[in-house]
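The structure is shown first.

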Amino acid sequence: MSSRGLEIRVGTVVVLAALTAVVGTMWFQKFQLAGKRYHFFVRFNEVGGLVVADPIYINGVERGRVEAIDLGIDRVVVDMGVRMGVALPRDSRVALNSLGIMGERVVAIRQGVSPQAIAPGDTVDGEYMMGL
């Protein structure tokens with residue numbers, strides 16, 4: 001076996017291992033390459049530990065991510081990215097809840113019944129639910 005052939009095989013194994021590691025990490029993080037989302041904004045008095053990329057659950061099903069958090073004049077404004085095709089009635093209830101024993105924050109949306117939907121770019125009020 002020549003050293004050149006051995007180098008090629010070792011190089012191929014290293015490249016395949018790196019590619020597997022990258023794809024595996026993306027899969028574990030539920031990475032979406034081209035997930036189309038629409039954005040709307042929610043105002044909270046406080047967000048207590050919410051961070052960008054935290055999940056958004058709609059009636060208990062994960063359908064979005066927190067895209068940005070900005071401090072306004074008197075309230076915190078959170079940019080919500082929700083999958084296209086998910087209609088949220090205007091009277092939906094948006095709340096920040098704790099999840100698990102470590103108190104991770106999630107956005108929980110309980111859908112309402114209004115015939116009018118929250119449109120991209122709209123701003124609605126949310127509520128902060130205290131944890132344990």
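In strand 8, Y128 is the bridge partner of L96. The model is predicted. Strand 5 (residues 93-99) and strand 8 run parallel and are joined by two bridges. Both belong to an open sheet of eight strands with mixed pairing, in the order 7-1-4-3-2-6-5-8. Strand 7 (123-125) and strand 8 (127-128) each have a single partner strand and stand at the edges, so one side of each has no neighbour in the sheet.

N59 lies in the loop between strand 2 (55-58) and strand 3 (61-71). Its relative accessibility is 36%, so N59 counts as partly exposed. Leaving out residues up to four places away in sequence, N59 touches I109, R110 and Q111. Q111 is 52 residues from N59 along the chain. Two distances describe this pair:

| Atoms in N59 and Q111 | Distance |
|---|---|
| C-alpha of N59 to C-alpha of Q111 | 6.6 Å |
| Side chain of N59 to backbone nitrogen of Q111 | 3.0 Å |

N59 is also part of the lining of the second largest pocket, along with Y57, G60, R93, A95, N97, S98, L99, V106, A108, I109 and R110. Strand 5 and strand 6 (104-110) are the elements that give two or more residues to this lining. Strand 5 gives the most, with five residues. By type, the lining residues of the second largest pocket are six nonpolar, four polar and two charged. The volume of the second largest pocket is about 220 Å³.

Conventions
Residues numbered from 1 in each chain as written. Predicted model: local features only at pLDDT ≥ 70, side-chain atom pairs only at ≥ 80, totals over all residues. Heavy atoms only, no water. Pairing = 2+ DSSP bridges. Helix = DSSP H or I, 4+ residues; strand = E, 2+ residues; numbered from the N terminus. Buried < 20%, exposed > 50% of the residue type's maximum accessible area, 1.4 Å probe, protein only. Contact = heavy atoms within 4.5 Å. Polar contact = N/O pair within 3.5 Å; in protein donor to acceptor, adjacent residues only side chain to side chain. 1 Å grid on protein atoms, 1.4 Å probe; cavity = no way out; pocket = protein on both sides within 12 Å on 5 of 7 lines; lining within 4 Å. Points joined across faces, edges and corners; volume = space filled by probe spheres on them. Nonpolar A, V, L, I, M, F, W, Y, C, P; charged D, E, K, R; others polar.
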